Amino acid sequence: MNDRKTSADVLISGAKIVTMDRDRRIFNDGAVAISGCEISAIGPSVEVCEHFESSQHIDGSRFVITPGMINGHIHVTGDPLTRAWLPDNIEADFAEELKRWVLPRFHAHEPDDEAVSAELAALKMLRTGTTTFLEAGTVQYLDRVVEGASRTGIRGRVGCWVEGRDFTDGANQAKLIDDAIRALEAEVAAFPASGGELIAAWPILVGHSTNPDEVWLAAKEIADDNGLGISAHMSPYESDPAWFLNEHRRRPIEHLSDIGVLDRNVCLTHLAHIDESELNLLAQSGTNAVLCPLAALRGAFGISTVGRFPEMAAAGINIMLGSDGFDLDMMRQTHIVSGLFKDARRNTAVFPAEETFAMLTCNGAVGLGLEQEIGSLEVGKLADFVCHDTDRPEWQPLLGVLNHLAWLADGRSVHSVWVNGVRVIDDYQATLIDEETLYAQASRSSRAVISRSKLPFVSPWPVY
Ligand SMILES: [Zn+2]
């Protein structure tokens, strides 16, 4: 032992490291040292190994190491246990699909189901390299979701289902607003982020037209007072602009700007149907946009024709990516973003690989207000990173690492994952939970939820 060296808890050397730091440095033969939950050194192997040693010195020569990826919009309940039950040829518009096929599945979850659903969603994310998620605000039993997700070692921001508006005649609107605001206050008090907790609550709103101004303003105030953010769905279809124009004579983003809600700690998801005025308001306010590519395609939002995401990026809007209720492998989402807008604009320069991978990492960290902690690999930041296994066909020959990350590889090559300095995935397996046990629980919960939802199984082909 050389006593001039600093002892690290873990040292990985000989890896190709994509840091996503300010200079976007890539180390072809790089090393990273972990001390506690932080990165204590990163750089060329020869330099790091000159100053650091560890009893856990890992040969990283088969790995590409990247920051942990960030999913900016996911429903950890409702979809993970039941999504595949939906037929893919529903002859109905989205409002009809929501009423007939989506809400019954969400509402059929009992507390145990939500815990299992969140744990399964977290496992799917970790196994494909996502270390941090922002939930979509459709949780019914928040304590159970926190419990389920926490088991896996993932980091997340979650919120319970809060609607302060009821469109039925005779609804007690004042009570609904009061209840909604109390729910937001209670969840943030119950699951604070102030102590560095991995799973914490944000005052998340479902969005669209589900909440009156009082609830939007309360959510923003709670977020500001507690150093948190808010998140909401907005304008996947023309129905949101139509509703706001009818109600307020303003488009949704214009109205949110009028009441003072837009800000750097606000993440709005979908934004497929925004006009020039709304785009400018998002850019001026620093509001974050969350693009969910698969959800947009499956939902036929029209983002390839009316979506303005390249123009939003050019205007300086921070764009992060989300899975919504679909495939949780975020590397597959970059495939779509990388290709969709190139085709839509007939311009191969749109959204190059380096830009889409930034959406998954540093942009996501900015949206969550965690850019000082995660999103890039730098000394003093948290040890949140992914080891992609290059001993696989999709990584060979490894010529352009960004092309592999954005186009050629996906989450199936994620070998190991570290969150807060803890190796939560090792050799393709979760370290903190038993995957087989979880799959059995998920299968039981899934059958029970579908049974309670009373949704029929529809197959286009005969099943025997
Ligand atoms: Zn959603």
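The chain contains 16 helices and 19 strands, where helices (H or I, at least four residues) and strands (E, at least two) are DSSP runs numbered from the N terminus. The radius of gyration, taken over C-alpha atoms, is 22 Å, close to the 23 Å that the globule rule gives for 464 residues, so the chain is as compact as a globular protein of that length; the rule is 2.2 Å times the number of residues to the power 0.38. This is a predicted model, in which local features need pLDDT of at least 70 and side-chain atom pairs count only at pLDDT 80 or more, while totals for chains, interfaces and linings use all residues. Residues are numbered from 1 along each chain as its sequence is written.

**Overall fold**

- Along the principal axes, the C-alpha atoms of the chain fill a box of roughly 75 × 50 × 45 Å.
- Of the 464 residues, 50% count as buried; a residue is buried if 20 or more other C-beta atoms lie within 10 Å of its own, exposed if 12 or fewer, and partly exposed in between, with C-beta atoms placed from the backbone.
- Among the contacts in the chain with a separation of 6 or more, 73% come from residues 24 or more positions apart; two residues are in contact if their C-beta atoms, placed from the backbone, lie within 7 Å.

- Helix 12 (residues 330-345) and helix 13 (residues 353-360) pack at an angle of about 140 degrees, and their axes are 10 Å apart. Helix 12 is therefore oblique to helix 13.
- Axes here are lines fitted to C-alpha atoms, for helices over the stretch in contact, and angles run from 0 to 180 degrees between N-to-C directions. Angles under 35 degrees count as roughly parallel, over 145 as roughly antiparallel, 65 to 115 as roughly perpendicular and the rest as oblique.
- The crossing of helix 12 with helix 13 is right-handed; a crossing is left-handed if the near helix is turned anticlockwise from the far one by less than a right angle, and right-handed if clockwise.
- From helix 12, Met 330, Thr 334, Val 337 and Ser 338 meet Ala 353, Thr 356, Phe 357, Met 359 and Leu 360 of helix 13.
- By class, this contact of helix 12 with helix 13 has six nonpolar, three polar and no charged residues. Ala, Val, Leu, Ile, Met, Phe, Trp, Tyr, Cys and Pro count as nonpolar, Asp, Glu, Lys and Arg as charged, and the others, Gly among them, as polar.
- In helix 13 the buried residues are Thr 356, Phe 357, Ala 358, Met 359 and Leu 360. Their cover includes strand 8 (69-74), strand 15 (319-321), helix 12, helix 14 (362-367) and helix 15 (401-408).
- Helix 12 also packs with helix 15, at an angle of about 95 degrees and with axes 7 Å apart; the two helices are therefore roughly perpendicular to each other.
- Met 331, Thr 334, His 335 and Ser 338 of helix 12 meet Leu 405, Ala 406 and Trp 407 of helix 15, a contact with four nonpolar, three polar and no charged residues.

**Helix 3 with helix 16**

- The axes of helix 3 (residues 111-127) and helix 16 (residues 435-453) come within 9 Å and cross at roughly 130 degrees, which means that helix 3 is oblique to helix 16.
- Helix 3 passes helix 16 in a left-handed crossing.
- Helix 3 contributes Asp 112, Asp 113, Val 116, Ser 117, Glu 119, Leu 120 and Leu 123 to the contact, and helix 16 contributes Glu 435, Leu 438, Gln 441, Ala 442, Ser 445, Ala 448 and Val 449.
- This contact of helix 3 with helix 16 has seven nonpolar, three polar and four charged residues.

**Loop residues**

- Leu 205 is placed in the loop between strand 11 (199-201) and helix 6 (213-226) and counts as buried, with 28 C-beta neighbours inside 10 Å.
- Not counting residues up to four places away in sequence, Leu 205 touches Gly 137, Val 162, Asn 211, Val 215, Trp 216, Ala 219, Ile 230 and Ala 232.
- Ala 300, in the loop between helix 10 (293-298) and helix 11 (309-314), counts as exposed, with 11 C-beta neighbours inside 10 Å.
- The C-alpha atoms of Ala 300 and Pro 236 are separated by 9.1 Å, although the residues are 64 apart along the chain.

**Backbone geometry**

- The peptide bond from Gln 396 to Pro 397 is cis, with omega near -15 degrees; Pro 397 is in the loop between strand 16 (385-389) and helix 15.
- Arg 24, in the loop between strand 2 (10-18) and strand 3 (26-35), has a positive phi near 55 degrees and is partly exposed, with 14 C-beta neighbours inside 10 Å.
- Arg 249, in the loop between helix 7 (239-248) and helix 8 (252-258), has a positive phi near 60 degrees and is exposed, with 9 other C-beta atoms within 10 Å.
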